[in-house]
Amino acid sequence: MTSSPSSDSDPSDPNRALTETRFSDLTPSLSDEVLEALTSSGFEYCTPVQAATIPLLCSYKDVAVDAATGSGKTLAFVVPLVEILRRTKNAKPHEVLGVIISPTRELSSQIFHVAQPFISSLPDIKPVLLVGGSEVKSDMQKIEDEGANLLIGTPGRLHDIMDRMDILDFRNLEILILDEADRLLDMGFQKQINSIISRLPKLRRTGLFSATQTEAVEELAKAGLRNPVRVEVRAETKSSGNLTSSKTPSGLHIEFIKCEADKKSSQLVDFFIKNKSKKMIVYFMTCASVDYWGVVLPRLAVLKGLNIIPLHGKMKQSAREKALATFTSLSDGILMCTDVAARGLDIPGVDCIVQYDPPQDPNVFIHRVGRTARLGRQGSAIVFLLPKVQTSQFVCLFIILHLPNFT
Ligand SMILES: Nc1ncnc2c1ncn2[C@@H]1O[C@H](COP(=O)(O)OP(=O)(O)OP(=O)(O)O)[C@@H](O)[C@H]1O
């Protein structure tokens, strides 16, 4: 079944976030294979970022896209990428035609899976997922044996593979996508990205996607894109009767809880007791805090039966994957994590984001809360604040971000 767009009168209707443009209405037209793959995934109408971006990339324009979290950016680049690769015929096994770079292993793997049904409609194109956490030699062997026409991965592993493997031929590369560009730069990948870009042909299409714009992203756009068209899509939210544009989704309600330092942990436990039936993500500052709470909480009798799942970047790759898969499959439970799970992850049915340790950076705030209220759905976000300093910092942050729905 496909969804249909509807008026914005019902805030609980996820289809509010869709435009009235069908994928089949776009110009240049999409191929029958892509339209079929969209239909069988239940996608008929475009989100605003998809309606704006797909035609541009498909008609040889570079794009720099700035759109709210959960607005459908992944398909906004997967669909044109697949259409562009469809036009190339008889790709040789080691001829790389497309590269998608994203900041984390989880996000790369998510993109790989979203892209799979579309790529499988391309007979000659072999996609490869390249992320850390596994032996680089096994990736190399796989590429050597099976070929690679589309590389999807994190900058470190991609760069490493490009460095080690002369067999890969980038001369006919058609398209480069930089997803979550600001995070790529925040995480210190500038050098690897510059080096990857320097090995790619200049005559290519490039799409740069981000939910937040920073000066560094602007610099990267200048260096890697040619006369890009800027696409900016903001959620529209009613605030004091006026329609304003917001960097956070319109179905998101934000609250903060003021607490004394010595009461903070008991307030967190109380919050969990009151919200036992919800699916929640709780953010902590450090991996050590996640480990600590991951041991302590399951031992509390009052939280017996609750699914509590830790996830941070110092866990083994297999444990990270398992944690994410388990949490994704649950209808209620708590994911205790660091910012390794702040961006891009598309986990269904998250009701609430709890920021036990508030972030320093407004952009991190946007990405964390963006794990709920996705594609027009409703969700809430709670921030724990210590009196005075943190509270005044956050009042400033709410003003900077034009956050309308908060109490
Ligand atoms: N045209 C569409 N119709 C219906 N659902 C869609 C459509 N496009 C995307 N979705 C769904 O919306 C959700 C959010 O999409 P996506 O993960 O691409 O968002 P995003 O903009 O990349 O978010 P973030 O900034 O957090 O990474 C996904 O579950 C996706 O399947």
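These questions and answers walk through a predicted model.

Reader: Which residues does UniProt list for "domain: DEAD-box RNA helicase Q", and how far apart are the end C-alpha atoms?
Author: The UniProt record, an unreviewed entry, gives residues 23-51 for this domain. The record also places "short sequence motif: Q motif" at residues 23-51. Over residues 23-51 the chain is 45% helix and 0% strand. The end C-alpha atoms of residues 23-51 are apart by 8 Å.

Reader: Which residues does a cis peptide bond join, and what is omega?
Author: Most peptide bonds are trans. The bond joins Thr-27 and Pro-28, with omega about -5°.

Reader: What is the phi of Tyr-60, and is the residue buried or exposed?
Author: Most residues other than glycine have a negative phi. Tyr-60 is not a glycine, yet its phi is positive, about 65°. Tyr-60 belongs to the loop between α2 (48-58) and β1 (63-67). The cut-off for exposed is over 50%, so at 55% relative accessibility Tyr-60 counts as exposed.

Reader: Where does Asn-227 lie, and why does Asn-227 count as exposed?
Author: Asn-227 is found in the loop between α9 (215-224) and β7 (229-233). Its phi is positive, near 40°, and Asn-227 is a residue other than glycine. Asn-227 counts as exposed because its relative accessibility is 74%.

Reader: How many residues surround the ligand, and which helix gives the most to the shell?
Author: The ligand is surrounded by 20 residues. The closest are Tyr-45, Gly-70, Lys-73, Thr-74 and Asp-346. With three residues, the helix that gives the most to the shell is α3 (residues 73-87).

Reader: Which atoms of Tyr-45, Gly-70 and Lys-73 lie by the ligand, and what share of the ligand does the protein bury?
Author: Tyr-45 places a backbone N or O atom 2.8 Å from a nitrogen atom of the ligand. Gly-70 has a backbone N or O atom 2.7 Å from a ligand oxygen atom. Lys-73 has a polar side-chain atom 2.6 Å from an oxygen atom of the ligand. Taken alone the ligand exposes 640 Å², and the share of that buried by the protein is 88%.

Reader: Which residues of helix α11 are buried?
Author: Helix α11 spans residues 287-296. Its buried residues are Cys-287, Val-290, Trp-293 and Gly-294.

Reader: Why do the buried residues of α11 line one face, and what covers them?
Author: Look down the axis of α11. The buried residues fall within an arc of 130°, so they line one face of the helix. What covers these buried residues includes α10 (264-274), β12 (308-311) and β13 (333-337).

Terms used:
Residues are numbered from 1 along each chain as its sequence is written. This is a predicted model: local features need pLDDT of at least 70, side-chain atom pairs count only at pLDDT 80 or more; totals for chains, interfaces and linings use all residues. Side-chain values use heavy atoms; hydrogens and water are left out. UniProt positions are given in the numbering used here, feature names are shortened, and annotations may be inferred rather than shown by experiment. Helices (H or I, at least four residues) and strands (E, at least two) are DSSP runs, numbered from the N terminus. Buried means under 20% relative accessible area, exposed over 50%, partly exposed in between (1.4 Å probe, protein chains only). The arc is that of the directions from the helix axis to the C-beta atoms. Contact means heavy atoms within 4.5 Å. A residue is near a molecule or strand if one of its heavy atoms lies within 4 Å of it. A polar contact is a pair of N or O atoms within 3.5 Å; within protein, one must be able to donate a hydrogen and the other to accept it, and residues adjacent in sequence count only if both atoms are side-chain atoms. Accessible areas come from the Shrake-Rupley method with a 1.4 Å probe; for residues, only the protein chains shown count as cover.
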